[in-house]
Amino acid sequence: MEMLNENIKTINLYSNFGYQPYENSYVLSNKKILIDSQKIENYPKIPDNLSLTEKEMLQILLANSIVPKLYECENRKFILKEFVKEITRIFDAPTLMAISIGFACCFYDIFISKGQGFPYIIFWGDSNSGKSTILHILAAFYGISNMTTLTSGTSTGVSLRSQLEKQNNFLVFFEEIDRLKIRYIEDLGKDSFSATPRKKSSKDGKEIISEINTSFCVATNHFFEEMTLANFSRCIPVNLKYGQFNFTNFKYHSTDELKKLSSFLPDILFYRSRIFDIYEKQYKIAQKHYSSARICNNIAIGMAIWAVINDILGKEVVNTENLAKNYLDYFEQYLKTELSYCDVFLSDVYKLFNKKELIYGRDLVITKRKYLRINLTKYCCIYNSVYDNKKLNPAQVRLKLKNDKRVISLKATDMKPIGKAIKIDISDNETLLDIDNHVSLSKSEREEYDNAED
């Protein structure tokens, strides 16, 4: 034992990739970035005289599906310059904002503790619209150039959440999330925005606390149509359409080009001590264009990263105020999302009527060629039977509809023969008004429905 103890070698191991707060460093699988001294050293730092087999090496590295590697080069600024030139040529303000917020996740703990939270990122839209391309750019910044290691959309809610505990200030990627998993994403988004831990009980009765140490980026073909403004204010939603961007000669499709993007990660990390001051200046600019503190917080984070990139390159490649204004113009559609639920609701009513699920005279009627009277209890029962992966109740529908000016009354009143019915003005909705042309009503029946309004 004495002979063995004479040459003990110590190798520091880390439970998570990413930021290590107790020593102010950032760890990947091959390098450790020392933020205070602004140096990069090999990791794991194995003594020259310590010979290890491949199996032993794997035991030292994290038991994780991803193995992020920092790309080494002599001129990191040149790679950043070329990258910025390319993406500002191709992408619009929403995408540039999302990319910068993805980069900002390396400062997640700062914005959680000093700011108002940290937004997650959603790319949604058509197939082949560029969602995966942008996702892979962000992953490459964190040293992930092997695309097959991104989290699958088939994961459960528990496994998705566990990813946010495994990394520190290291963006997690959920690729091709299907519609059934969207509700997991909404819950994760709320928790990751403020790093809210979740408690659960184990089989032996002990309480287990699941921490959140980072944020995430998700790609999906489906719009989150049930999301409220409270949800949208915690994320950066980017809707991509097929053919929107011209990717001709776009160089960041290949693994060889993508892997270079991690090279300037250290340069951004070296702004750690100044990043919140930069954020506060950008926040004041954002406040000039929008009043919501949470929205201003979100875009100020992205603006701060572009301010850092401008500083690194020594010139203004992106004007942060113009970026904020252009992004807010785009985001305005989501600010009205609670009001627009009425459009979703009326669209669903029409679909269910066409499917002969909602029956005119039993579940709904149209009175005075102007008002929709519908029994919400019946509507929810029928809706839930048709869409078994979605569940609605009358209280939820009333809550979502309450701010819409078209809603005359959410207080259900008796109306024969459909029972308790709410009242919505559909005078501008030609689609629903057309229902009257597809039902056979006697003059007395129509008069009876109209008289019920008097």
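The legends below describe close-up views of a predicted model. Residues carry numbers from 1 along each chain as its sequence is written, and side-chain values use heavy atoms, with hydrogens and water left out. In this predicted model, local features need pLDDT of at least 70 and side-chain atom pairs count only at pLDDT 80 or more, whereas totals for chains, interfaces and linings use all residues.

**View 1. Four-stranded antiparallel sheet.** The open sheet has the strand order β13-β14-β16-β15, with antiparallel pairing. Strands here are DSSP runs of E with at least two residues, helices are runs of H or I with at least four, and both are numbered from the N terminus; two strands pair if DSSP finds at least two bridges between them. Because β13 (364-367) and β15 (407-415) each have a single partner strand, they stand at the edges, and one side of each lacks a neighbour in the sheet. On average, neighbouring strands of this sheet are turned by 25° against each other, direction ignored; axes are lines fitted to C-alpha atoms, for helices over the stretch in contact, and angles run from 0 to 180 degrees between N-to-C directions. Four bridges pair strand β14 (residues 371-374) with strand β16 (residues 419-425) in the antiparallel sense. Leu372 is placed opposite Ile424 of β16.

View 2. Strands β2 (residues 25-27) and β3 (residues 31-34) run antiparallel and are joined by three bridges. Val27 faces Lys32, a residue of β3.

**View 3. Salt bridge between Arg76 and Asp267.** The closest N and O atoms of this salt bridge are 2.9 Å apart; the term denotes a side-chain nitrogen of Lys or Arg within 4 Å of a carboxyl oxygen of Asp or Glu. Arg76 belongs to helix α3 (residues 76-90) and Asp267 to helix α11 (residues 265-269), so the pair ties together parts 191 residues apart in sequence. Arg76 is partly exposed at 24% relative accessibility, while Asp267 is buried at 15% (buried, under 20% relative accessible area; exposed, over 50%; partly exposed, in between; 1.4 Å probe, protein chains only). The structure holds 14 salt bridges.

**View 4. Salt bridge between Arg272 and Asp109.** The two side chains meet at 2.7 Å, N to O. Since Arg272 lies in the loop between α11 and α12 (275-287) and Asp109 in helix α5 (residues 108-114), the pair ties together parts that are 163 residues apart in sequence. Arg272 is buried, with 13% relative accessibility, and Asp109 is partly exposed, with 26%.

**View 5. Salt bridge between Asp414 and Lys420.** The closest N and O atoms of Asp414 and Lys420 are 3.7 Å apart. Asp414 is exposed at 60% relative accessibility, whereas Lys420 is partly exposed at 46%. Elsewhere, salt bridges with shared partners join Glu23, Lys32 and Glu41 into one network.

**View 6. Crossing of helices α12 and α13.** The axes of α12 and helix α13 (residues 293-313) come within 7 Å and cross at roughly 125°. The two helices are therefore oblique to each other (under 35 degrees is roughly parallel, over 145 roughly antiparallel, 65 to 115 roughly perpendicular, and the rest oblique). Contacts, meaning heavy atoms within 4.5 Å, involve residues including Ile275, Ile278 and Tyr279 of α12 and Ala293, Cys296 and Asn297 of α13.
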